Amino acid sequence: MKQKLIINKKALKGEDGFKTFSIRIREETVANLDKLADETNRSRNELINILLDYGIENSEVN
C-alpha cells in the first residue's frame with residue numbers, strides 16, 4: 001500500500017502579520033544599515049523593523 005504525502009497548508013502571503021512594500025533610501029543609509037547589520041549579526045530587515053518601531057513609539061505629533 002502506497003503511503004500518501006501529507007502537505008500542510010501554508011498561510012497565504014500577507015496573513016503572517018507582515019506587509020511587504022518598497023521604499024527609496026539614500027545609499028549612505030543602506031551602507032550604515034549594512035554596517036550595523038554586520039556588527040549586530042542581524043538582517044537589514046530586522047534592523048529596519050527595530051528602528052521603525054522605536055521611532056514610532058518615541059514620536060510625538062504637535
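Mentor: Helices (H or I, at least four residues) and strands (E, at least two) are DSSP runs, numbered from the N terminus. Axes are lines fitted to C-alpha atoms, for helices over the stretch in contact, with angles from 0 to 180 degrees between N-to-C directions. This is a predicted model, where local features need pLDDT of at least 70, side-chain atom pairs count only at pLDDT 80 or more, and totals for chains, interfaces and linings use all residues. Residues are numbered from 1 along each chain as its sequence is written, and side-chain values use heavy atoms, without hydrogens and water.

Trainee: At what angle do the axes of α1 and α2 cross?

Mentor: Roughly 105°, and the axes of α1 (residues 27-40) and α2 (residues 44-57) come within 9 Å. That makes α1 roughly perpendicular to α2 (65 to 115 degrees; under 35 is roughly parallel, over 145 roughly antiparallel, the rest oblique).

Trainee: Which residues make the contact?

Mentor: From α1, Val-30, Leu-33, Asp-34, Leu-36, Ala-37 and Thr-40; from α2, Arg-44, Leu-47, Ile-48 and Leu-51. Contact means heavy atoms within 4.5 Å.

Trainee: Where is Asn-41?

Mentor: Asn-41 sits in the loop between α1 and α2. Its phi is positive, about 60°, although Asn-41 is not a glycine.

Trainee: Is Asn-41 buried or exposed?

Mentor: Exposed, at 73% relative accessibility. The cut-offs are under 20% relative accessible area for buried, over 50% for exposed and partly exposed in between (1.4 Å probe, protein chains only).
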